[in-house]
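Please keep the structure in view while reading.

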Amino acid sequence: MSEKTVSDKTVSEKTVSDETARRILVTGALGQIGTELVPALRARFGDDAVVATDIKELDGALGADTAAAGLYERVDVTKPKQLADVVERYDVGTVYHLAALLSAVAEAHPQRAWSLNMGGLIDVLELARERSLAVFVPSSIAAFGPGMPDPTPQIAPQRPTSMYGVTKVAGELLCDYYHDHFGVDVRGVRYPGLISSTAPPGGGTTDYAVHIFHAAVRDGHYTCFLREDTRLDMMYMPDAIRAAIDLMTADGARLPLGHRNAYNVTSFSVTPAELADAIRRHLPEFTIDYAVDPMRQRIADSWPDRLDHRAAQTDWGWRPAYDLDSLVADMMRALGA
Ligand code: NAD
């Protein structure tokens with residue numbers, strides 16, 4: 001990490017036109033969010049404007065063949081030189097930084113989670129400082145700990161008890177620091193559990209809310225790893241993608257420190273039993289039972305039931321398009337039920 005003083009505040013706020021002029025790079029692009037974010041960014045800014053990257057070999061996630069998958073590079077975000085080479089080669093101006101270990105995997109491998117979630121983030125932020133990049137970094141409901149009020153306010157005590165949550169709070173603060181001290185235009189949201197029909201989820205505590213749909217359509221039955229009354233916030237992937245792009249194209253002057261890297265966003269909060277009822281309105285024979293996984297239940301019990309997302313509504317006009325019923329209807333259609 002090259003040394004620069006606090007007063008060396010040379011990186012300026014980005015605007016939409018900057019974003020369209022230089023390319024957009026997505027890290028962790030073959031994961032649950034990236035496989036839908038990359039096509040959405042290409043639809044908006046042009047096929048040539050987006051470079052997808054991941055530590056994995058290109059699989060079918062972004063298109064059946066290499067040409068359909070568009071610009072793609074293998075990049076390990078914990079190797080700063082690999083990142084810097086790709087940023088330089090493709091004239092990147094904005095990074096959507098998605099590479100991370102999710103909650104259940106992070107709990108099983110805490111040191112790995114720290115080195116990827118924090119090491120990858122500081123590599124990206126350093127590059128952003130040196131090369132005037134704008135950066136999107138997703139945080140999570142996991143950034144809160146047990147006993148939060150319902151709904152949990154934008155600004156509230158953050159004492160998470162999972163390793164994933166520890167990295168998310170530390171990440172929010174690191175992003176604030178890079179903005180405040182070096183002027184880096186970094187922005188982020190606290191996503192709830194994300195439900196989508198394309199890529200499988202990457203090992204989080206809310207994965208049940210994706211698995212349940214596939215199992216319902218395929219087998220007519222699902223065994224859930226969380227208790228039936230576990231209430232958590234959820235969001236449909238199209239809303240999550242829109243939140244990321246809307247925040248990154250919002251007027252930076254309207255995003256105060258303390259909000260800009262950690263906007264609470266949500267669509268609805270739901271329990272496994274309520275989600276099963278909503279699916280049963282489409283598949284009346286669907287059945288669910290429960291085999292609770294103590295580790296994931298403990299993580300879920302430590303998270304808020306519901307976030308207050310009024311700061312995102314006020315500062316940049318956030319508004320989800322899907323509620324529980326419209327999400328379930330769309331998932332059923334997407335899965336051919
Ligand atoms: P995911 O696990 O589905 O995908 C992560 C991707 O990162 C994978 O494709 C993986 O191969 C890649 N990766 C792993 N190590 C890497 C490395 N060293 N270098 C480059 N790539 C690497 O995750 P996701 O669900 O797409 O989540 C993306 C971000 O959003 C994460 O920061 C996550 O914490 C956050 N988030 C996700 C959810 C959710 O429900 N999916 C909710 C809240 C926050």
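A backbone N or O atom of Q32 is found 2.8 Å from an oxygen atom of the ligand, a polar contact in the sense of a pair of N or O atoms within 3.5 Å. At the side chain of Y164, an N or O atom lies 2.5 Å from a ligand oxygen atom, while a polar backbone atom of I55 is 3.3 Å from a nitrogen atom of the ligand. On its own the ligand has 830 Å² of accessible area, of which the protein covers 91%; such areas come from the Shrake-Rupley method with a 1.4 Å probe.

The model is predicted, so local features need pLDDT of at least 70 and side-chain atom pairs pLDDT 80 or more, whereas totals for chains, interfaces and linings use all residues. Residues are numbered from 1 along each chain as its sequence is written, and side-chain values use heavy atoms, with hydrogens and water left out.

## The shell around the ligand

Around the ligand there are 26 residues, and Q32, I33, D54, D76 and Y164 come nearest; a residue counts as near if one of its heavy atoms lies within 4 Å. The shell divides into 15 nonpolar, seven polar and four charged residues, with Tyr among those counted as nonpolar, Gly as polar and Asp as charged.

## Two helices

The axes of α6 (residues 110-131) and α7 come within 10 Å and cross at roughly 15 degrees, the axes being lines fitted to C-alpha atoms over the stretch in contact, with angles running from 0 to 180 degrees between N-to-C directions. The two helices α6 and α7 are therefore roughly parallel to each other, a term for angles under 35 degrees.

Definitions and conventions:
Polar contact = N/O pair within 3.5 Å; in protein donor to acceptor, adjacent residues only side chain to side chain. Helix = DSSP H or I, 4+ residues; strand = E, 2+ residues; numbered from the N terminus. Parallel < 35°, antiparallel > 145°, perpendicular 65-115°, else oblique.
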